[in-house]
Amino acid sequence: MIDARKIRTVGYDIGIDLIKITTAEPFNEAAKRIKYQIDEGLYLDSEHWHLRDVDRSCDVRAVLPGARSIIAACQCYLTDERAESDVTDDPHGSIARYTWRNHYSDLRERLKKLAGFLKTEYDANTAVFSNSEIPEKPIAQRSGIGYFGKNSLIINERFGSWVVLGEIIADIEIDPDPPHRGNCGDCSICVEMCPTHAIIEPYIIDRRRCIQALTNWYGVLPDDIARVWSNRLYGCTDCQDSCPANRAVEAQPVRAEVGYVGPSASLREILSMSEKEYRRKYARNQMTARWINFQAIRRNALVALGNIRSHGTMPLLEKYARDNDPILAKSARWAMARF
Ligand code: SF4
Ligand code: SF4
């Protein structure tokens with residue numbers, strides 16, 4: 001059994017905020033929860049969880065045969081930069097804080113360095129992940145990174161839920177940490193503050209109503225959701241902004257400029273770009289990850305304009321109202337009707 005202390009020290013020298021270890025046993029509780037959400041129809045039609053082998057998805061030995069340990073990591077993305085957006089002359093759409101930079105990519109690169117150390121020191125075979133489809137949050141809980149908040153995010157006592165998660169799966173046996181036993185207690189602020197009432201019971205999100213999930217789902221947004229969409233271009237953090245566990249978190253220095261896009265973007269510009277121009281401008285940010293649907297980003301921009309109601313954008317909305325794409329045309333007409 002390898003002592004985790006040396007691995008942690010090297011990881012912290014590489015600049016990773018927190019490192020914990022757990023075993024590579026399957027995450028049976030997570031599989032149960034996913035199956036429940038499938039049965040209840042809580043996933044979006046584009047997510048296809050029902051087509052997957054859920055038990056296999058919750059077993060990291062499927063991605064690294066012979067896996068024995070998981071090195072779980074997190075990186076805090078809270079900085080003291082302001083999340084303001086200009087909604088006057090040039091209406092801007094807000095971008096969720098975790099997307100201002102590509103923290104996943106930054107953490108993945110740091111974890112790759114740590115994986116290199118594991119190879120040299122212990123001849124370990126590894127697989128590195130961040131923002132992936134392995135069960136990242138259950139890994140974080142079982143390794144002791146944090147506990148599940150009722151908003152289904154991982155909360156760490158130092159960084160709150162302002163963290164991205166990453167992992168190294170390794171075929172070596174490392175001394176594991178105990179699971180995190182924290183919980184939200186009597187608090188239910190996020191349940192009350194969610195603008196679309198997407199937290200239907202503690203820890204369970206109806207992803208068909210969650211703005212964060214809908215950001216990348218392509219379709220016409222239901223009127224009640226579109227009305228509370230505000231000026232969002234990408235993502236939602238209302239259930240984090242309102243969480244008391246996040247109040248005292250100390251802002252961290254900016255460590256990586258990889259994929260920087262900032263807190264907002266001009267909606268006019270987004271709606272005037274081709275997909276190629278968009279992917280070039282936001283290259284290396286998760287807003288241009290291969291699974292991001294550019295038409296959904298445009299739909300978001302149209303809905304945001306409908307909520308901002310700046311008369312100067314009417315010609316742009318009129319143009320989109322005649323678009324060949326029925327979802328964009330309908331979203332533009334919804335926005336015009338809001339004036
Ligand atoms: S991300 Fe936004 S919409 Fe989704 S649960 Fe949190 S507050 Fe609700
Ligand atoms: S707002 Fe309260 S209930 Fe929700 S995650 Fe934070 S501590 Fe938990």
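For this tour, Ala, Val, Leu, Ile, Met, Phe, Trp, Tyr, Cys and Pro count as nonpolar, Asp, Glu, Lys and Arg as charged, and the others, Gly among them, as polar. What you have open is a predicted model, where local features need pLDDT of at least 70 and side-chain atom pairs count only at pLDDT 80 or more, while totals for chains, interfaces and linings use all residues. Residues are numbered from 1 along each chain as its sequence is written, chains are lettered from A and ligands numbered from 1 in the order in which they are written, and side-chain values use heavy atoms, with hydrogens and water left out.

**Stop 1: ligand 2**

You'll find Gly 149, Lys 150, Asn 151, Ile 155, Cys 184, Cys 187, Ser 188, Ile 189, Cys 190, Cys 243 and Pro 244. Coloured by class, that shell has seven nonpolar, three polar and one charged residues.

**Stop 2: ligand 1**

Hop over to ligand 1. Around it sit Cys 194, Pro 195, Thr 196, Ile 199, Cys 210, Ile 211, Gln 212, Cys 236, Asp 238 and Cys 239. Helices here are DSSP runs of H or I with at least four residues, strands are runs of E with at least two, and both are numbered from the N terminus. With that in hand, highlight α7 (211–214) and α9 (238–241): each supplies at least two residues of this shell.

Stay on Asp 238, which forms a salt bridge with Arg 232 (a side-chain nitrogen of Lys or Arg within 4 Å of a carboxyl oxygen of Asp or Glu). Their closest N and O atoms are 3.0 Å apart. Buried means under 20% relative accessible area, exposed over 50%, and partly exposed in between, using a 1.4 Å probe and protein chains only. Asp 238 is partly exposed at 25%, while Arg 232 is buried at 8%.

**Stop 3: strand β7**

Now pick residues 163–170, strand β7. Eight of its eight residues are buried, so the strand is largely enclosed by the rest of the structure. Val 163, Leu 165, Glu 167 and Ile 169 point one way, and Val 164, Gly 166, Ile 168 and Ala 170 the other.

What runs alongside? Two strands pair if DSSP finds at least two bridges between them. Eight bridges join β2 to β7, and the two run antiparallel; look for Ala 72 opposite Glu 167. Strand β4 (residues 126–130) is also antiparallel to β7, joined by five bridges, with Thr 126 partnering Ala 170.

**Stop 4: a link across the sequence**

Select Glu 133 and Arg 52, a salt bridge with closest N and O atoms 3.7 Å apart. Glu 133 lies in the loop between β4 and α5 (136–143) and Arg 52 in the loop between α2 (28–39) and α3 (54–57), so the pair ties together parts that are 81 residues apart in sequence. Glu 133 is exposed at 57%, and Arg 52 is partly exposed at 28%. A search of the whole structure finds 22 salt bridges.

Definitions and conventions:
A residue is near a molecule or strand if one of its heavy atoms lies within 4 Å of it.
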